[in-house]
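The sequence and structure come first.

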Amino acid sequence: MPEESDDTIFAEIADERRSLARTLEILSPEQWDTQSLCEAWTVRDVAAHLVVPLIVPLWQFGLVMVRTRGNFDRANQLMTTRVRREHEDELPALLTAHADKKFTPPGHGPLAPLSDVIVHGLDLCTPLGIEHHVPDHRMITMLDFLVPASGAAPFKGPELRLQWRATDLDWSRGEGPAIEGSAGTLALVLTGRSSALADVTGPGAEQLAQARANRRRA
């Protein structure tokens, strides 16, 4: 697949934000409070997290980073909580209104926020049993970004080379024992969602599960 320009990727990000906002607009109060695939975050928390970089100036986030002594995860949690509390009923509207913002994390290009919004869409929709369609070419772009050409699993610990193979579209990457699943499931596994391991198959899946178990025991 030809490499997409930054402007094209930003357009994909904007479209994905608007699509996800339309899904969020119809959720019931119970659905908003459902546990997402992100530990300790509800569906509303994840939606707030997606809105944070769209409405919070970078300098404000920097101040929170100073307060947390450089702990990005803690700063991210604090800003997410703040946006959730201040804009509880406005999250879909904010996601739509600021969909075209060309934000990228420091040191990263637009493929990072593209992957972020797609994976967090899965974090929201999967536990709700909602089908959130992402175009095949967009999923392939994300998977190519998440998986090194070698197929090495992007996790801490001993290097594990696998062949990642989607079962619902024409995509594979890497060499080694195969790990198979839908494109969305592979994306969840690649970004550390342990619950998604139950939905992948193949000898690579077994090796990955064992490697994670060994790290937990270490």
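What is the handedness of the crossing of H1 and H7? The crossing of H1 and H7 is left-handed, a term for a near helix turned anticlockwise from the far one by less than a right angle, with clockwise giving right-handed. This is a predicted model, in which local features need pLDDT of at least 70 and side-chain atom pairs count only at pLDDT 80 or more, while totals for chains, interfaces and linings use all residues. Residues are numbered from 1 along each chain as its sequence is written, and side-chain values use heavy atoms, with hydrogens and water left out. Helices (DSSP runs of H or I, at least four residues) are numbered from the N terminus.

**Packing of H1 and H7**

- Helix H1 spans residues 6–25 and helix H7 residues 111–128; their axes are 9 Å apart and the packing angle is about 20°. Axes here are lines fitted to C-alpha atoms over the stretch in contact, and angles run from 0 to 180 degrees between N-to-C directions.
- H1 and H7 are therefore roughly parallel to each other (angles under 35 degrees; over 145 is roughly antiparallel, 65 to 115 roughly perpendicular and the rest oblique).
- On the H1 side, the contact (heavy atoms within 4.5 Å) is made by residues including Ile 9, Ile 13, Arg 17 and Leu 20. On the H7 side, Leu 114, Val 117, Ile 118 and Gly 121 are among them.
- The residues of this contact of H1 with H7 comprise 11 nonpolar, two polar and three charged. Ala, Val, Leu, Ile, Met, Phe, Trp, Tyr, Cys and Pro count as nonpolar, Asp, Glu, Lys and Arg as charged, and the others, Gly among them, as polar.

**Packing of H3 and H5**

- The axes of H3 and H5 cross at roughly 100° and come within 8 Å. That makes H3 roughly perpendicular to H5.
- H3 contributes Arg 44, Asp 45, Ala 48, His 49, Val 51, Val 52 and Ile 55 to the contact, and H5 contributes Asn 76, Met 79, Thr 80, Val 83 and Arg 84.
- By class, the contact of H3 with H5 has six nonpolar, three polar and three charged residues.

- Thr 141 sits in helix H8 (residues 136–146) and is buried at a relative accessible area of 10%. Buried means under 20% relative accessible area, exposed over 50% and partly exposed in between, with a 1.4 Å probe and protein chains only.
- A polar atom of the Thr 141 side chain lies 3.0 Å from the backbone oxygen of His 137.
- Thr 141 and Ile 9 are 132 residues apart in sequence, yet their C-alpha atoms are 9.2 Å apart.
- The buried residues of H8 also include Met 139, Ile 140 and Leu 143; their cover includes H1, H7 and helix H9 (183–190).
- Thr 81, in helix H5 (residues 72–86), is buried with a relative accessible area of 15%. The Thr 81 side chain reaches the backbone oxygen of Gln 77 at 3.0 Å.

**Two alanines**

- Ala 47 lies in helix H3 and is buried, with a relative accessible area of 1%.
- Apart from neighbours within four places in sequence, Ala 47 is in contact with Leu 24, Trp 32, Leu 91 and Leu 124.
- Ala 40 is in the loop between helix H2 (29–32) and helix H3 (43–55) and counts as exposed at 67% relative accessibility.
- The phi of Ala 40 is near 70°, a positive value in a residue other than glycine.

Definitions and conventions: A polar contact is a pair of N or O atoms within 3.5 Å; within protein, one must be able to donate a hydrogen and the other to accept it, and residues adjacent in sequence count only if both atoms are side-chain atoms.
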